[in-house]
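Subject: Structure handover

Hello,

Please find the structure below, with notes on what was found in it. Could you read the notes with the model open beside them?

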Amino acid sequence: MIAFGVIERGERESRGSAAGRRRRSGDRRVASVPPGGMSARVDAAVARALSAAPRVVLAVSGGRDSMVLLDAAARTCGDRVACVATFDHGTGPAAERAARLVARRARSLGVPVRVGRGSIPTAGEAAWREARWGFLRKVAAEHDAVVATAHTRDDQVETVLARALRGAGARGLAGLYADGRALRPLLALSRAEVAAAAAERGIAWVEDPSNRSRRHLRNRLRLDLLPALEQARPGLGEELLALARAAARLRRAVDRHIEGMLRRGGDEGALTVAGADLRHYDAPSLRLLWPALAARVGAVLDRRGTERLTQFTIKRRMGARIQLSGGFEALWHRDAVVLRRARRPGGAEGATLADELTMGGWRFRRATAPAGAPTPGGPWTAALPADRALLVRPWRPGDRMTPHGAAAPRRVKGLLRDAGIDGPSRMGWPVVLAGEEIVWIPGVRRSSAATARSGRPVVLYHCERIDR
């Protein structure tokens, strides 16, 4: 069982430390300035954080905080900076000015710069963030580098409050303290401290007008809700940070705990967790475990998805399946829960098999076969009759095929089952017809009509899965 003392201790620390902070009249004061000014403190924080990676890509938006990050990084560890990456969301003149400023400043510092551009000006925060991070990850991969962002302590407070309002669990409440792929050199500094460093260095930036729009949740939190809550409960910001630190510790503990439960599924990218590893956990423990397990295959569980998967695990109905957000599914199969991307069925009517065909999650390619040569490649390759029309479609209930070497036809469903393909995976599985006859189930079996024989004209096809 999981020890819940980590989060409980964190909550006690949060309450205790907050009381002392309230006696000190809040947490928005700028820390004592070291010799050399606040910019010296920023330089030290950036140098310390970036030393953790041999190469970094700086995510610079053109706003004040990110321009301070750029200045400090170039000043203290420019040899580690592989590139500056900035993204124009296509939201108007301010975004264009910001991208130009970043490019100009990076070049003046002798740092390469990449500018990405989006075309979703009316989209919301989530779509903008997804587009921006897609660009940043691509640039980082090209340079074999780690992304560094300019998030501050205030950003973390806002993130934790937003997630708390959505009812996030420990995994979400860790916020920017969670172990991840990005470095955040300014995370221990307040927005006011970074602003002081910008003033000391005379750093130019572009103010994004959308930062004042209450259409976005983060701005409503920053401009309205947090100031009101701080007035009613001085020290709330530090309480939220203490909660996030405790949540991050618990998140790390859970990640270590699940290592022994991880199994690779039969499909690449799938996660299989044995029922024996799950049966001893109660609902609260499963609510902690499943988000961490799901993250291993790229699934992000919201509160509703976590609860659905928890109850699905407890009920233990073999063969049952549920859909989860993000295109994932979970199923009970052979006394284990399998979590994976949902299968994509191909077109119900099928398609003519030509030189190359992609249908759903499958790709067929034509090859050459010497006359009379045995069919290579096992069940993923077939020598199909060259004198008959070839069609690919998803299998249907009632379909039958006579496997090579068999005397009588068998149900396709049974052949799929015998090949170890579970019920959900069968959805959309293709069959190949020569005329009206099913002659090939890729990856499973061929009929005699799909096997090379001397004197019969054939055309060779390979099939591969592309949805893994």
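Gly-275 touches Arg-316, Trp-332, Asp-335 and Ala-336, leaving aside residues up to four places away in sequence; a contact here means heavy atoms within 4.5 Å. Gly-275 and Ala-336 are 61 residues apart in sequence, yet 4.7 Å apart in space from C-alpha to C-alpha. Gly-275 belongs to helix α11 (residues 275-278). Its relative accessibility is 0%, so Gly-275 counts as buried (buried is under 20% relative accessible area, exposed over 50%, partly exposed in between, with a 1.4 Å probe and protein chains only).

On provenance: this is a predicted model, in which local features need pLDDT of at least 70 and side-chain atom pairs count only at pLDDT 80 or more, while totals for chains, interfaces and linings use all residues. Residues are numbered from 1 along each chain as its sequence is written, and side-chain values use heavy atoms, with hydrogens and water left out.

The chain as a whole:

The chain has 15 helices and 21 strands; these are DSSP runs numbered from the N terminus, with helices being H or I of at least four residues and strands E of at least two. Of its 468 residues, 47% count as buried. Among contacts in the chain with a separation of 6 or more, 70% are between residues 24 or more positions apart.

A helix pair:

Helix α3 (residues 64-77) packs with helix α4 (residues 93-108) at an angle of about 10°, and their axes are 11 Å apart. Axes are lines fitted to C-alpha atoms, for helices over the stretch in contact, and angles run from 0 to 180 degrees between N-to-C directions. The two helices α3 and α4 are therefore roughly parallel (under 35 degrees; over 145 is roughly antiparallel, 65 to 115 roughly perpendicular and the rest oblique). Met-67, Leu-70 and Asp-71 of α3 meet Leu-101, Val-102, Arg-105 and Ala-106 of α4.

A sheet:

Four strands make an open sheet with antiparallel pairing, in the order β12-β13-β21-β14; two strands pair if DSSP finds at least two bridges between them. Strand β14 is joined to β21 (residues 458-465) by five bridges, and Ala-383 stands opposite Leu-460 in β21.

Aromatic pairs:

The whole structure contains four aromatic pairs. Rings of Phe, Tyr and Trp (its six-membered ring) pair if their centres lie within 6.5 Å; planes under 30 degrees apart are stacked, over 60 edge-to-face and the rest tilted. Trp-362 and Trp-380 are stacked, because their ring centres are 6.3 Å apart and their planes are at 25°. Trp-362 is in strand β13 (residues 362-367) and Trp-380 is in the loop between β13 and β14, 18 residues apart. With 4% relative accessibility, Trp-362 counts as buried, whereas Trp-380, at 28%, counts as partly exposed. Phe-364 and Trp-440 form an edge-to-face pair, 5.9 Å centre to centre with 85° between the planes. Phe-364 lies in β13 and Trp-440 in strand β19 (residues 437-441), so this pair ties together parts 76 residues apart in sequence. Both Phe-364 and Trp-440 are buried. Ring pairs also link Trp-362, Trp-380 and Trp-429 into a cluster.

Regards
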